[in-house]
Amino acid sequence: MTAALELHDLGYRYRSGFALDGISLAAQAGRFTVLLGPNGAGKSTLVNLVTRLYSPGSGSVRIGGHALADRPGQALARLGVVFQQSTLDLDLTVGQNLRYAAALHGIGGRRAEAALAQAFTRFGLTDSRNRPARSLSGGNRRKLELARALLHQPAVLVCDEATVGLDLSSRRMLLTHLRQLCRDEGLAVLWATHLMDEVTPDDPVVLLQSGRIRAAAPASVLMARTGGADMEAAFQSLLAGERP
Amino acid sequence: MIALIALWGILVREGLRFLGQRERMISALLRPMLWLVVFASGFRAALGVAITPPYDTYITYEVYILPGLIGMVQLFNGMQTSLSMVYDRETGSMRVLLTSPLPRWWLLACKLIAGALVSLVQVYVFLLAAFAFGVEVPPLGYVAAAPVLLLTGLMLGAAGLFLSSAIRQLENFAGVMNFVIFPAFFLSSALYPLWKIAESSPLLARLAQFNPFTHAVEAIRFALYLDAAPLSLAWVVGSLAVFSGLAVWGYDPSRGFLARRVIE
């Protein structure tokens, strides 16, 4: 089976010395893949490489079967992103933010209106469509970013610490919604987080530490290998360097 | 088709942002009007302007500096483009632009076109205000100048785009005022003809000849009087190409120049 997102031997080095090295992973369609790692592990750098904000020093990225380096247009057309930092234009309304994003993916006119209507309904934003993004709560801003990332029906959704700053119920709502999208629509999600309670036993997990992959397997397998009492203990054990 | 939809989306967004910033329009109008009404009136008696092309008669100082002030409107707007790009970078919204599936050069071109159109609106509002104060040009000049104004708007916007790729933080924008806008404006033919500058300092006149803003002003001046300034137009086109090239280079992710700023 071809992965929706494939990273092969990806590397990037900062002038400061920190490097992301030899990163190979795959996110399959219909799966919620977790990129787990402590702060500073390199998750955001990886997201910046996948989204072409950075150019890799080595290796390759393929999105929906298209190499990002050779066919960036086709590859990025199949990618939706939610960054850790808000990327909304707070001066524009909810609808204007979505229309702008739709236009940047070549969706205009009636197609854009249909996509917007679906997004409003799906994320419960219909009543907020004419409100400035600035006036939304943190949870609704995240919903809007997610709606925007999915507007062009990407094959892959990459989320970088997308629940930071959200309360527990908003976090749960967001995660439930995304897992449902994976199941129902075959979306491949790469979910970068440092919060272990966002991982379920069935999730494929890629554990990142200091710019390198420490382990990659379903969460339940990693738990079994380390013999940890719970997921947190298992991951702490892996991060501490105990080989499975 | 996809590229055109994106262009339209960016035009609408920039238009909405411009309309939402009333202070920007007011300051874009107030600044040149102060120069026209206060500064030019004060210097009217002190500065005589001989008959030089494209003028075929003696003109008042207000008439002389009108193209320079139009250039000023576009220069500030170009730098506003730069400011807006740095702001977009700091607020994160630039990531939305840069992760879209269109070529980066096209996205920058869309921003450039949007900025030039906004500057065109500002210029015509200023020309209307100047007309109300009795400073006017031949009626057809208002129409004939439009393509040249679009060109000069693009050139100054491209300079702003390049600067935005090099400016690290929003706070550094004050440096742009001191090191770009003021030298470009004062070291040009906006306020005095080059021959007048040469009388006091041949070196400054020489430097002004190599200032793209001088040529933007001269291209506008000649167009307003239904004349052409081929050398100045060539300078404007050449500068547009150079600044656009530098902007595309500055926003190239493989250099890491922009990339580092995107996440900072």
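Guide: The radius of gyration is taken over C-alpha atoms, and the globule rule is 2.2 Å times the number of residues to the power 0.38. Keep that rule in mind. The model shown here is predicted.

Visitor: What makes chain A agree with a compact globule?

Guide: Set the value against the rule. For 244 residues, a compact globule would have a radius of gyration near 18 Å. Chain A has 18 Å, so the two agree. Its C-alpha trace spans about 55 × 40 × 40 Å along the principal axes. Chain A holds 8 helices and 10 strands.

Visitor: What secondary structure does chain B have?

Guide: Chain B has 12 helices and 0 strands.

Visitor: Why is chain B called as compact as a globular protein of its length?

Guide: The rule gives 18 Å for 264 residues. Along its principal axes, the C-alpha trace of chain B spans about 55 × 35 × 30 Å.

Visitor: How much of each chain counts as buried?

Guide: In chain A, 50% of the 244 residues are buried. In chain B, buried residues make up 46% of 264.

Visitor: What share of the contacts links residues 24 or more positions apart?

Guide: Take contacts with a separation of 6 or more. In chain B, residues 24 or more positions apart account for 80% of these. In chain A, such residues account for 64%.

Visitor: Why is B:G9 called buried?

Guide: The cut-off is 20 or more other C-beta atoms within 10 Å. B:G9 has 26, so B:G9 is buried. This residue lies in helix α1 of chain B.

Visitor: What does B:G9 contact, leaving aside its neighbours within four places in sequence?

Guide: The residues are A:R99, A:Y100, A:A103 and A:L104. That brings us to the interface. Here 26 residues of chain B are in contact with 29 residues of chain A. On the chain B side, α1, α4 and α12 each supply at least two residues. Helix α1(B) gives the most, with 8 residues. By class, that side has 15 nonpolar, 8 polar and 3 charged residues.

Visitor: How do you know that helix α3 of chain B has a length close to the expected one?

Guide: Compare two numbers. The helix covers residues 61-91, and its first and last C-alpha atoms are 44 Å apart. At 1.5 Å a residue, 45 Å is expected. The values are close. Still, α3(B) bends by about 35° at B:P67.

Visitor: What makes α3(B) mostly covered, and what follows this helix?

Guide: Of its 31 residues, 26 are buried. After the helix comes B:G92, with a positive phi near 95°.

Visitor: Which residues of helix α7 of chain A are buried?

Guide: They are A:A219, A:L222, A:M223 and A:T226.

Visitor: How do you know where around α7(A) they sit?

Guide: Their arc around the axis is only 100°, which puts them on the same side of α7(A). An α-helix has 3.6 residues a turn, so residues three or four places apart point the same way. Their cover includes β9, β10 and α8 of chain A. Just after α7(A), A:G227 has a positive phi of about 75°.

Definitions and conventions:
Residues numbered from 1 in each chain as written. Chains lettered and ligands numbered in written order. Predicted model: local features only at pLDDT ≥ 70, side-chain atom pairs only at ≥ 80, totals over all residues. Helix = DSSP H or I, 4+ residues; strand = E, 2+ residues; numbered from the N terminus. Buried ≥ 20, exposed ≤ 12 C-beta atoms within 10 Å, placed from the backbone. Contact = placed C-beta atoms within 7 Å. Expected span 1.5 Å × (residues − 1). Bend = angle between axes of the 7 residues up to and from the residue. Nonpolar A, V, L, I, M, F, W, Y, C, P; charged D, E, K, R; others polar. Arc of directions from axis to C-beta.
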